[in-house]
Amino acid sequence: MTCLCLGPKRSGKTHLLKALQDFKNVDFTTYSMPTIGTSIYTIKFPKKTPPPTKTTETKVIPKKKKDPKTCIDIIEIGGSMAPMWNKFFSNVKKIIYVVDTSNLCQISAAGVLLYSILAEPKLQKTKFLLVLTKMDYAYRQMRNEALLMMQMSKLQKEISQSLTIVEVSSITKDGFDKVYEWLEKS
Ligand SMILES: Nc1nc2c(ncn2[C@@H]2O[C@H](COP(=O)(O)OP(=O)(O)O)[C@@H](O)[C@H]2O)c(=O)[nH]1
Ligand SMILES: [Mg+2]
């Protein structure tokens with residue numbers, strides 16, 4: 001079972017995944033290269049603080065089992081490969097679909113592209129996360145405007161998949177808690 005990250009060119013997929021992976025390591029000063037082909041990112045879930053233990057005695061710590069739920073592998077498929085995305089659609093558990101809310105020209109086209117993915121017979125059981133990104137820009141489209149441009153209310157009536165919508169900024173990390181939460185729940 002795989003998790004994919006899709007979306008138009010320069011919508012912010014790479015930056016989102018890198019920031020989710022390790023926020024401190026993201027270099028926001030350089031111009032990012034469009035992802036050619038695919039790249040894979042292992043994203044660790046943020047550690048939850050364990051409940052305080054009542055006893056102070058030292059306990060034997062059991063050997064750590066490899067818990068598959070501490071991280072998730074996400075494959076980014078470059079936006080320029082959109083015509084070939086369907087080659088990656090077998091056994092996909094989750095899809096993160098990234099839309100740039102600051103790019104007025106791209107939003108409705110992003111909606112059309114999302115619609116074509118949702119219509120894929122192989123993806124009828126896949127869970128979708130629609131990420132409205134670059135929310136830090138002053139001139140972005142607001143959530144409702146962006147959703148209207150993508151004709152989301154019409155689309156949501158027609159689809160069988162579960163679709164969660166989050167607003168995110170990879171710069172300020174706003175909305176990241178919701179993304180981690182969605183990734184973590186199976
Ligand atoms: N202000 C802002 N810029 C972003 C954000 N996410 C990505 N970018 C910028 O958008 C451009 C394209 O991002 P990138 O992740 O390479 O897009 P990709 O082609 O979808 O992988 C880069 O110059 C990023 O710095 C964000 O949340 N806020
Ligand atoms: Mg990229």
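Two strands pair if DSSP finds at least two bridges between them. In this predicted model, strand 3 pairs with strand 1 and with strand 2. The structure also holds two salt bridges.

**Strand pairing**
- Strand 1 covers residues 2-6, and strand 3 covers residues 71-77.
- These two strands run in the parallel sense and share three bridges.
- Within this pairing, Cys3 sits opposite Ile74 of strand 3.
- Strand 2 spans residues 38-44 and pairs with strand 3 in the antiparallel sense.
- Seven bridges join strand 2 to strand 3.
- Thr38 faces Ile77 of strand 3.

**Salt bridge Asp100–Lys134**
- Asp100 and Lys134 form a salt bridge, with their closest N and O atoms 3.0 Å apart.
- Asp100 belongs to strand 4 (residues 92-100), while Lys134 is in the loop between strand 5 (127-133) and helix 3 (143-149), so the contact ties together parts 34 residues apart in sequence.
- Asp100 has 4% relative accessibility and counts as buried, because the cut-off for buried is under 20%.

**Salt bridge Glu167–Arg143**
- The side chains of Glu167 and Arg143 meet in a salt bridge at 3.3 Å, N to O.
- Glu167 is in strand 6 (residues 163-167) and Arg143 is in helix 3, so this pair ties together parts 24 residues apart in sequence.
- Glu167 is partly exposed, at 33% relative accessibility.
- Arg143 is also partly exposed, with a relative accessible area of 29%.

Methods:
Residues numbered from 1 in each chain as written. Chains lettered and ligands numbered in written order. Predicted model: local features only at pLDDT ≥ 70, side-chain atom pairs only at ≥ 80, totals over all residues. Heavy atoms only, no water. Salt bridge = Lys/Arg side-chain N within 4 Å of Asp/Glu carboxyl O. Helix = DSSP H or I, 4+ residues; strand = E, 2+ residues; numbered from the N terminus. Buried < 20%, exposed > 50% of the residue type's maximum accessible area, 1.4 Å probe, protein only.
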